[in-house]
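Subject: Structure handover and notes

Dear colleague,

My notes follow below it.

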Amino acid sequence: MDFRTIVDIPKPDFNVAPLEKVLLVGSCFADNIGKRFDEERFPTVVNPYGVMYNPASILHTVSKLTARIRSGESDFIPSLAIFTLGTNHVYIEKATEEIVDNCRKRPQRLFSEELLTIEECADYLRKAVHELRDSCGDINIVVTVSPIRYRKYGYHGSQLSKATLLLAADKLVQEEGVYYFPAYEIVNDELRDYRFYQPDMLHPSHQTVEFIWERFVDSCFSDAAKEYLREWKSVKEALGHRPLHPESDEYKEFLRKTQERFETLKKKYPGLK
């Protein structure tokens, strides 16, 4: 007897290669997944201009990054980009009538709050996709919706916001051929229990993030990338070992052998740093 519903994750038409360059932009859930890429030593850029919760702000980050790439100011050209959509709520500065990415603790009276429509969300994301493809060439793009709910909107309002993002993401899949990864569905349909949340009952626990990471690896990583993760795991654990007696000869020999294994792995995977 199975006591959970398993979310079916279709295979993308690409595979993540070992140590390819990854860009993650979006809500704080992007930070969580970006941290996992970083731990596995993938060259990773995560929200370089801060957390971006809505599609307009995601476009703002992409525009800044692609401008730097085109001008030659940045040599980080990602081959994989992941957008994590958090909300369709945006804040508009009254003085400029422009969407801001961060209110920077300025008085609320300086801003008005609005809701992006499905088409507006899709349009901002569509522009971000086009800018990345124009600047980075053959880049694979993943879109996902953050499972983190927003208490300040009210839970019904939060669900309406997520529904708007889900429909916009689907338009992007249908029209632009990006890949949708169902992180939102995994948390809400497959895990579906408060034991998978942090004490605030809103943010996914470390265990949940790890589970989503494993599902992403299983569905999107190439066999070579999975093999790299297996080989790197034992070296990573050895490098992170904290001994009781760091001055002992045994530990010094352990360090020497670990470093040898690390150097061997770097020869096999030149991108490993």
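Which residues does A168 touch, not counting residues up to four places away in sequence? With contact taken as heavy atoms within 4.5 Å, A168 touches I118, C121 and A122. Before going further, please keep in mind that this is a predicted model, in which local features need pLDDT of at least 70 and side-chain atom pairs count only at pLDDT 80 or more, while totals for chains, interfaces and linings use all residues. Residues are numbered from 1 along each chain as its sequence is written, and side-chain values use heavy atoms, with hydrogens and water left out.

To stay with A168 for a moment, this residue lies in helix α4, residues 155-176, where helices (H or I, at least four residues) and strands (E, at least two) are DSSP runs numbered from the N terminus. A168 counts as buried because its relative accessibility is 0%, and buried means under 20% relative accessible area, with a 1.4 Å probe and protein chains only. The C-alpha atom of A168 is separated by 9.8 Å from that of Y124, which is 44 residues apart from it along the chain.

Turning to the protein as a whole, its secondary structure comes to 8 helices and 8 strands. Its radius of gyration is 21 Å, close to the 19 Å that the globule rule gives for 273 residues, so the protein is as compact as a globular protein of that length; the radius is taken over C-alpha atoms, and the rule is 2.2 Å times the number of residues to the power 0.38. Buried residues make up 46% of the 273 residues, and among contacts between residues at least 6 apart in sequence, 70% join residues at least 24 apart.

A cavity is a set of points, on a 1 Å grid over the protein atoms alone, where a 1.4 Å probe fits but cannot get out, and its lining residues have an atom within 4 Å of a point. The count comes to 1 cavity of 30 Å³ or more, and the largest cavity has a volume of about 90 Å³, a volume being the space filled by probe spheres set on the points, which are joined across faces, edges and corners. Among the residues that line the largest cavity are L24, F29, T84 and F216. α1 gives the most to this lining, with 3 residues.

Best wishes

Terms used:
On a 1 Å grid over the protein atoms alone, a cavity is a set of points where a 1.4 Å probe fits but cannot get out, and a pocket is an open set with protein on both sides within 12 Å along at least five of seven lines; lining residues have an atom within 4 Å of a point. Buried means under 20% relative accessible area, exposed over 50%, partly exposed in between (1.4 Å probe, protein chains only).
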